[in-house]
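Please read the notes below with the model open beside them.

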Amino acid sequence: MGAAYAVTGTIFSEKRGTHVEFGEIENVEYKISRANAASDELKTLHRLCFGTVGAKTVVKKHLRAFCGLVYKEKEAEREKKLASMKKIDGAILKKMLDVCDLQISGTKQAQCERLVDFLEEPSDSGKKSIKEKVGEKRK
């Protein structure tokens, strides 16, 4: 829980990132809403962001409110986060990258670094809105 702000019940502690919330990034919000709350990728993403596995009923809510990792000792905690990510199954890692609207290709090391960079400073990827794409297909 040292890297991200802690979750206590439904209230977040004072350690909170200052970047854009996941819920404000259109494509990330859309993918979180479409995913199953009990899915491995959302549970693992929640654990990376908050340090704990969230209850199925609040995983999506907490992820939407997440707005960046906060470190006390940046380099040491970043390396610890990268080491824990390298243990994650490749398929789950790719699904987490997809939920965060990031590029999926590359080596596992590159994927882990890309995801940690995004978790430190969440921002819009600049890709076209998925909601608009789905709306165009239906017409």
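1. Aspartate 101 sits in the loop between H5 and H6; helices here are DSSP runs of H or I with at least four residues, and strands are E runs of at least two, numbered from the N terminus. The residue has a positive phi of about 60 degrees although it is not a glycine. Most residues other than glycine have a negative phi.

2. A word on the source: this is a predicted model, in which local features need pLDDT of at least 70 and side-chain atom pairs count only at pLDDT 80 or more, while totals for chains, interfaces and linings use all residues. Residues are numbered from 1 along each chain as its sequence is written, and side-chain values use heavy atoms, with hydrogens and water left out.

3. Is aspartate 101 buried or exposed? Aspartate 101 is buried, at a relative accessible area of 4%; buried means under 20%, exposed over 50%, and partly exposed in between, with a 1.4 Å probe and protein chains only. Its side chain makes a polar contact of 3.0 Å with that of asparagine 27. Such a contact is a pair of N or O atoms within 3.5 Å; within protein, one must be able to donate a hydrogen and the other to accept it, and residues adjacent in sequence count only if both atoms are side-chain atoms. Leaving aside neighbours within four places in sequence, aspartate 101 is in contact (heavy atoms within 4.5 Å) with Asn27, Val28, Lys31, Ser125 and Lys127.

4. Histidine 62 belongs to helix H3, residues 59-65. Histidine 62 is buried, with a relative accessible area of 2%, and a polar contact of 3.3 Å joins its side chain to that of histidine 46.

5. How many disulfides does the structure hold? The structure holds zero, a disulfide being a pair of cysteine sulfur atoms within 2.5 Å. For cysteine 49, the closest cysteine sulfur is in cysteine 100, 7.0 Å away, which is too far for a bond. Cysteine 49 is buried at 0% relative accessibility, and cysteine 100 is buried at 1%.

6. The largest nonpolar core has 30 residues, and those with the most contacts inside it are Phe22, Leu45, Leu63, Leu115 and Leu119. A core of this kind is a set of buried Ala, Val, Leu, Ile, Met, Phe, Trp, Tyr and Cys residues joined through side-chain atoms within 4.5 Å. Elements giving two or more residues to this core are H1 (26-34), H2 (40-50), H3, H4 (74-86), H5 (90-99) and H6 (108-120). Setting aside neighbours within four places in sequence, leucine 45 is in contact with Phe22, Leu63, Met96, Val99, Cys100 and Leu119.

7. H2 and H5 pack at an angle of about 80 degrees, with their axes 9 Å apart. That makes H2 roughly perpendicular to H5. The residues of H2 that meet H5 include Asp40, Leu45 and Leu48, and those on the H5 side include Ile92, Met96 and Val99.

8. Methionine 85, in helix H4, is buried with a relative accessible area of 0%. Not counting residues up to four places away in sequence, methionine 85 touches Leu48, Leu93, Lys108, Cys112, Leu115 and Val116.

Terms used
Axes fitted to C-alpha atoms, helices over the stretch in contact; angles between N-to-C directions. Parallel < 35°, antiparallel > 145°, perpendicular 65-115°, else oblique.
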